[in-house]
Amino acid sequence: MHETAGHASLALRNAGISPRLSLAVRQNTAPAVLEEAAAFGRWWFDPETSQMALSRAAAGYLHVEAGFHDRMDNCFIAVVLDDLLPLVSYLSGRPHPSTSLDFRVISAVDGLHWLRMTPLPADPAHPHMVSGILVDITPIKHASMRERLGFELTEFLGGSHTLGDAITNVIQLICKNLGWDWGAYWSTEPSPQGATRLACKYFWHQPELDLASFGQESSSIFLAPGEGLVGSVWKSGKPDWVEDMVNDLRFSQRTNDRECRLWSGYVFPVTYVSADGHQHSPGVLEFYSCLSRQQEAQLPKLSATIGALIAQMARRLEHQATILHLAQVDELTGLSNRSHFYELVTQACAMSAKAKTSFALAFIDLDRFKPINDGFGHEAGNVVLREFAYRLRDLAPAGASVGRLGGDEFALLIPGDAMANAAGLVEDILRAASTPFAFEGVELTVSASVGVSTYPQCGETCPALLQSADAAMYRIKNNGRNGCCFDSVSSPNALAQQQSSIAQRLQLETDLHHALQGDEFFLTYQPIFNTFSQRMDAVEALIRWRRADGTLVPPDVFIPIAEQSHLIVHIGKWVVSRACRDLATLRAAHFKDLKVHVNMAASEFANSALPDELQAQVAAFGLAPHNLSLELTEGMLMKRPDQVIPVMRALRQLGFGISLDDFGMGHSSLALLKNLPISSLKIDRSFVRDLSQQRNDRAIVKTIVDLGRHMELEVIAEGVETAAQLEILQQSGCSLIQGYLLDRPMALADLLTKYPAGG
C-alpha cells in the first residue's frame, strides 16, 4: 500500500481488477489518519465480479493485506467458520444490504474479535457498487457479555439449577463468545487421606472437535495443590498462561492434549473474600485453544468478574446445601435422620405403587449396646454408632437409603433390584455388627437384631412397613437376638427358608475360622506341561478343605463364603506360604526351573503392602519372585481395577508372574488388556471343552494364542481332557497344557514320586 497526499491509496495488484471498482475506491478513499482517529476502516464490493477492496484499517481488522482482492473470500480467511456463510450472503444478496452485520474474526496473535460491517448509502456516481465501514466492536460485546454472565448466574441463583448447570453454561458462553475450544472447572475436595485435591468436575468443548478423550483423561485424575498448571494456579491464586501444551511439563499428568491438538490456554482461580476478611478459593477455571493464542487481554479482563460470580454462586449453593444437610442428616453418623428417612420411604411407596414394583425395609437394632454406654461412657457408644453407620453405608447396594432412627436403631431401604440378595445382605449386616469395635485399645462387641418387611406384602405406607419390620425384629430379640426375621405375610415358609440359609452360611463361616486354626486346609498340585519340550513347566496350587471328621468341602462351596468375608485374605496368605514351602522342596528334588501358580482374590491384590509381603515370603524360602505366578480372574480384576492394577504393576516390577485366568469370560477390553501388567493368559476351559465340535471355539482359541504371542505373553490352555483337544491346541501353537488328559491334581508327595527326575 502506498501513501499519496495523505490518502490511503490502494494499488492494483491484479490486472483483472474491475476498473469500475478501482474508480469508485479512488474517488471515495478517506485519509488514513481519519480512519485511525475515528477507529473505522473502509470497504468496497463489486457484486458483478465479487471483487473487493479494503483500506489499511479494514484490512488490519480482517488480518489480510490492504488493497484490491480479486475474490471476496480472500478477504475473509480469518472469519470464524460459523459466521462466514451469513457474511457472504449479506454482501451477495439482492437487494444490496441496508443494515449492519456483526461477525467474528480470530487470529493466533489477537485472539477473537467482533467486527460490525455497516453499508453506506449508494453513491449516485457508482449505483451498482456496495461500500461501507468496518468497526471493531469487541469492547461493546465484552460489556454485553459481562452483563449476560451476571444475568445468567443471577437467573441460576434464583432457580433450582445446580452449580454444575450454571458453571457448564458459563463455560459454554465464554468459549462461544471468545473463541476458545475447551473450558473446564476444577473444584477442591478432600482426598481419602484428608488432604485437599483438585478434581475436574465440569467441562464443555466445541462439538465439532473430538475432545472427548481429553475430557475423560481430565475427569479421571486428581491434582494436589501446586501440581500441574491447575494446581499451581490454585495454590498461588494468580492466573497463568500456557503457550505450548505439548511441551509444557505442567501437563505431564494429562497426555491426551497431544491427541486432541489443544495448544495454548489461560487458567485462572475462582476466589472470594468472606465476611471475616479471609480469601477462599473453591476452584479453578481453564480455557484452551487449538490455536497458538497469545496473551491477549480479552479473557483476563473478564476473568475477575467470571471468577467472582461463580465463587459467589458456589458459596450460596454451599450455604443452601449446608442448611438442607442439617435438616436431613443425623449429625453423629452422617446418615439420614428419622424424619428424612421417613420421607424417603414414603416416596418409595408412591413410586412403587405407580410402577407396580416392590422394595424391602430392614429395621436394625444393636444388641447389648446399653452396657457399652454404661460401662465405658457415651463417647465409647458414639464410636460404635459412627463405625457401624460407616459399615452399614458401605454395605448398602446401589439405590439403597440408610438412616439412623434414633439411639441404636438403624434402617435400610433395599431397592427392588437388590431384593434377590436380601438374605446375603442381612447376613453381611449381622457380620458387620458382630465385628469388634476399637475404643482406646479396648475391643467392644455388640450384635444386631434385624427385622425385614416388604412392600406391598407387609404394608403400603411408611408407618405400616416400619411397624411390620419392627415386629419382625422383636421376634428375633425374644428368640436370643443376633439374627434376622423376614416378615412375609404372603409366604409363611419363606421366613424359615431364609433363616435356615443364613444360619448355614454363618455356621460355615465359623467353621472356616476353625479350619484355619486347626490346619484342616491342604494343597494339591496340578502339573502344567510344555508339550513341545515334553517337560513339566509349572504346577498350579489348589486349596482343599478336609474337616476333622474326614469329609471334604468342595471349593465352590467355601471359597464364595470366604470371599464375602475377610477370611479370603487370611486363606490367601496361608496358600502362598504353603506353596512357597512346597516349591522349595520341589526345587531341592531337581525341579530347578519349576514355577508355582497361586490363585488370588481381587481383595488381596487391592492391598498395597502385598508386593513387600510376597517378596519377604519368597526370600524366606530361598526362592526368586519369578518362581511364583499369581492368578487373577478377569471378573475379579474388573470389580476394582483402579486399586488392583497399581499393585499388579508393583509386583511385575519385582519380577513376580501374573496370569489372567479364565481369559475371555470376563468383561475386560483389549484396550485395557494392552495396559495390564501380566505375564500369561489362561484360556478358559469353556473354549477348550468343545474344540473338536465347535469351529467358533477353534477360531477363538487360535486368536487368543496369536494375541499372546504378539504381546509376548505365555498362553496356557486349561481343562484339556481329550487327545483331540490337545491336537487342536498344538496345531494352534499353544504349547502349555493343563488338564486331566495329562495329569490330575495330586499331593506333594505323589508329585515327587511320580516325577522323580524333576519333570
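The model is predicted, so local features need pLDDT of at least 70 and side-chain atom pairs count only at pLDDT 80 or more, while totals for chains, interfaces and linings use all residues. Residues are numbered from 1 along each chain as its sequence is written, and side-chain values use heavy atoms, without hydrogens and water.

**Histidine 597**
- Histidine 597 lies in strand E25 (residues 595-599); strands (E, at least two residues) and helices (H or I, at least four) are DSSP runs numbered from the N terminus.
- Histidine 597 counts as buried because its relative accessibility is 2%, where buried means under 20% relative accessible area with a 1.4 Å probe and protein chains only.
- Beyond its neighbours within four places in sequence, histidine 597 has contacts that include Ile528, Glu540, Ser629, Glu631, Ser680 and Ile716, contact meaning heavy atoms within 4.5 Å.

- Strand E28 (residues 680-683) pairs with strand E29 (residues 714-717) in the parallel sense over 4 bridges; pairing requires at least two DSSP bridges between two strands.
- Serine 680, one of the contacts of histidine 597, stands opposite glutamate 714 in E29.
- E29 also pairs in the parallel sense with strand E30 (residues 736-737), over 2 bridges.
- In this pairing, alanine 717 stands opposite isoleucine 737 in E30.

**Pocket lining**
- Strand E23 (535-546), helix H17 (555-564), helix H18 (567-588), strand E26 (628-633) and strand E27 (657-663) each give at least two residues to the lining of the second largest pocket; a pocket is an open set of points on a 1 Å grid over the protein atoms alone where a 1.4 Å probe fits, with protein on both sides within 12 Å along at least five of seven lines, and lining residues have an atom within 4 Å of a point.

How values were computed
Buried < 20%, exposed > 50% of the residue type's maximum accessible area, 1.4 Å probe, protein only.
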